[in-house]
Amino acid sequence: MSARQITFSVSSLLLILGAGLLLVLLWQVRSLLVTLMISVVLAASISPVINWAEEQQVPRWLAAVFTYLVLIAGLTGVLLLIGPTVFDQIERLIRQLPVYLETLQTIAEELASRLSEDSPGLVGDFFDTQAVTGWVFRSSQQLLLRSYGITRGIVGGFFSLILSLFISGYMLADSRTLVKSLVQLFPVPWSDRLEDQVEEVSHRMGGYIRGRLLVSAILGVGITAGLTFLGLADFALGLGAIAGVTNLIPFLGPILGSIPALIVAISKGWWLFFWVLILFVIIQNVETYILDPLLVGSSVGIHPLYQLLAVLSGVQILGIIGALIVPPWFAGGAALVDNLYLKPKLKAEEQAIAPSS
């Protein structure tokens, strides 16, 4: 009895030590793990195109190379076309942010003075323009530094992106062999079960990232056009880009994206503020009731609250990169839980109830 107990204790200790060493090793290669996560997301996003090309008798490797070339050329063209204007407008917005905040503080003090004589002083105490500006800059800096640290700087981030493209291209070109070699590590029947889930997991991961990026792009274009029509053409492209990026966050994204535009609008008059507010309310309802169910929710099958938690977790851990790659992985994990645990559990419960009924 005692010998058996000692053996159990030693094996447990070795297991704990092994797990600790594994965590240390994973932490040391965390940048490589992020690269692999990005590669899997890229491969899952493009796999429908590669599968369609394979059905047309096109070799998978050739379809992958051609697809990546088209995507890189398209993104490069978009960046060259609107990138300089977007960055210039965002830079001017950052420079004028203290002025807009001071205008907002003045408006708040005028409104408060109509309520009480002491209210303007209270507004000045609670609404410190320099403190708000500093907080905005610090929060943005911390968000960028998380991504900067994970990717080992700008040069490291560039090479990580190139490496992700190569790895994802290899995954797409030889996906069947790669999947079989991975599932063989698991015992039967789990190897067959996991192999059957690859298509569903890829569908959910790719569906999420394609849907969110497409929705964000549509809303970015719509907000840019709407702000231009309302008279904010000087900052419309930059504000539309900000709204499109923040829209990657469910629930909170449209609200966060509307704040810069509303601050700029209120400094130019109440009527413009009102119409910009109406624009964002319309955009948010179009996203909630039309675009999200059509392009994201139907293919992913995840409640928006879980999407929000996944995005916030990704931002907290990996910064901007995490907001893009953690939710697709969460969607893929949800597919495994659904198909390997929840559905068999429900089926077993129904079978147990059937004889008694």
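The points below take up a pocket, a cavity, the nonpolar cores, the aromatic pairs and one alanine.

1. Basis of the note. This is a predicted model, in which local features need pLDDT of at least 70 and side-chain atom pairs count only at pLDDT 80 or more, while totals for chains, interfaces and linings use all residues. Residues are numbered from 1 along each chain as its sequence is written, and side-chain values use heavy atoms, with hydrogens and water left out.

2. The second largest pocket. A pocket is an open set of points on a 1 Å grid over the protein atoms alone, with protein on both sides within 12 Å along at least five of seven lines; a cavity is a set of points where a 1.4 Å probe fits but cannot get out, and lining residues have an atom within 4 Å of a point. The volume of the second largest pocket is about 1200 Å³, where a volume is the space filled by probe spheres set on the points, and points are joined across faces, edges and corners. Its lining has 32 residues, and nearest the centre lie Val179, Val198, Glu199, Val201 and Ser202.

3. Composition of that lining. Two or more residues come from each of helices H2 (30-55), H6 (153-173), H7 (175-183), H8 (190-230) and H13 (320-356). Helices (H or I, at least four residues) are DSSP runs, numbered from the N terminus. H8 supplies the largest share, 10 residues. By type, the lining has 18 nonpolar, eight polar and six charged residues (Ala, Val, Leu, Ile, Met, Phe, Trp, Tyr, Cys and Pro count as nonpolar, Asp, Glu, Lys and Arg as charged, and the others, Gly among them, as polar).

4. The cavity. How many cavities of 30 Å³ or more does the structure hold? There is one.

5. The nonpolar cores. A nonpolar core is a set of buried Ala, Val, Leu, Ile, Met, Phe, Trp, Tyr and Cys residues joined through side-chain atoms within 4.5 Å; buried means under 20% relative accessible area, exposed over 50%, and partly exposed in between (1.4 Å probe, protein chains only). In the largest core, of 33 residues, Leu227, Leu232 and Val276 touch the most other members. H11 gives the most to this core, seven residues. Apart from neighbours within four places in sequence, Val276 is in contact (heavy atoms within 4.5 Å) with Leu227, Leu230, Leu232, Ala261, Leu262 and Ala265. A second, separate core of 12 residues includes Val41, Val201, Ile209 and Leu318.

6. Aromatic pairs. Rings of Phe, Tyr and Trp (its six-membered ring) pair if their centres lie within 6.5 Å; planes under 30 degrees apart count as stacked, over 60 as edge-to-face and the rest as tilted. The whole structure has three such pairs. Trp270 and Phe273 are edge-to-face because their ring centres are 5.8 Å apart and their planes at 85°. Both lie in helix H11, three residues apart, about one turn of the helix. Phe274 and Trp275 are also edge-to-face, at 5.4 Å and 70°. Ring pairs join Trp271, Phe274 and Trp275 into a cluster.

7. An alanine in H8. Ala217 belongs to helix H8 and is partly exposed, at 42% relative accessibility. Ala217 and Ala243 are 26 residues apart in sequence and 9.5 Å apart in space, C-alpha to C-alpha.
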